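Have the sequence and the 3D view at hand.

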Amino acid sequence: MLTVVPTPIGNLGDLTLRALEALGAADVVAAEDTRHSGLLLHHHGISKPMISFHEHNEAMRTAELLGRLRAGERIALITDAGTPSISDPGVRLVRACLAEDLAYTILPGPCAAVTALVGSGMDASAFYFGGFLPVKSGQRHNELAAAIERAATSIFYESPHRLLKSLTVLAEIGSWRFVCVARELTKKFEEYRRALPVDLVAHYTAHPPKGEICLLVEGSAAAAHRERNAARQS
Ligand code: SAM
C-alpha cells in the first residue's frame, strides 16, 4: 500500500496524527532528500529505512517501488516540504498505482499554495495554480498577463530573486489589480503583504525579499466587484 504523506512547509509541528501513523507503520519511506527528511523523522522519534525519490531518479525508482508494493510492502512517499506532486515528485508513482490497480491513499496536509490562498484573503471560490513562474522573461510576462485576464485568483510559486521582476511586470500590465506576497508561511517571519503592485515594488526594493514565496494575483471577477462597490460608495 502506498501512502502519500504531506510534510510541514516550515513548522515541524505541522505533521498530522495520520501522517505520523503512516510514517511509523511504513516498511520504507521514499523521500526527495533522505538527509533533509531524516531530520524530520528524527524530530518525531521515527526511525525507518529510507530511499531517495527525486526528479532525477523518479522513473527508475517508480519501477522499483511498484515491485515492492506488489510484494505487499507499505511505502510512505514524502517530499522536502508540503504535498508530494504539487511542484514536486509523486504524480508518476500515483499514476503507476492507478494503472496497475495497486492500493494507495493520499493524506491531506500542508501545501504552500492553499495556505497562501486562504491567508491572502483573495477570492477562494475558484482559483488557478500555476506552479513556479517561468524563469524566461517572455514566458513569465505571458503567464502574468494571463493571470490579469483570468476571472479567478492566480497562485504561483516564486523565487525571492525574481519577485521584484514579476511585481514590476504586474505594475506595468495590471497596476490596478491587488497582489499578495505570501512569504515564509508557518515560520517565524511569516508575512502576507497584500497591495497594489507599485506599492509592493517600492516595499521590496527597500526590503529585498528573503525565504520562500507564493505570489497571488487577484482575479478580474473580484477586481470588478471591488470597483463596482467603490463606485457605489463614492
Ligand atoms: N510541494 C510543496 C507544497 O505542497 O507546497 C511545494 C514544493 S515547491 C518545490 C517549493 C516552493 O513552494 C517554494 O519555492 C515556494 O515558492 C513555495 N513554498 C514552500 N514553502 C513555503 C512557505 N513556507 N512559504 C511560502 N512559500 C512556500
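Helices (H or I, at least four residues) and strands (E, at least two) are DSSP runs, numbered from the N terminus. This is a predicted model, where local features need pLDDT of at least 70, side-chain atom pairs count only at pLDDT 80 or more, and totals for chains, interfaces and linings use all residues. Residues are numbered from 1 along each chain as its sequence is written, and side-chain values use heavy atoms, leaving out hydrogens and water.

Start with the open sheet, whose 5 strands follow the order E3-E2-E4-E1-E5 with parallel pairing (two strands pair if DSSP finds at least two bridges between them). Strand E3 (50-52) and strand E5 (104-106) stand at the edges with a single partner strand each, so one side of each has no neighbour in the sheet. Within the sheet, E2 (residues 28-31) pairs with E4 (residues 75-78) over 4 bridges, and Ala31 has Ile78 in E4 as its bridge partner.

Axes are lines fitted to C-alpha atoms, for helices over the stretch in contact, and angles run from 0 to 180 degrees between N-to-C directions. Helix H3 (residues 58-70) lies across strand E1 (2-4), E2, E3 and E4, at about 150° to E3. Helix H2 (residues 34-43) lies across E2, E3 and E4, also running at about 150° to E3.

Finally, look at H7 (residues 163-173) and H8 (residues 197-206), which pack at an angle of about 155° with axes 8 Å apart. That makes H7 roughly antiparallel to H8 (angles over 145 degrees count as such). Among the residues that meet are Leu167 in H7 and Val201 in H8.

Terms used:
Contact means heavy atoms within 4.5 Å. Angles under 35 degrees count as roughly parallel, over 145 as roughly antiparallel, 65 to 115 as roughly perpendicular and the rest as oblique.
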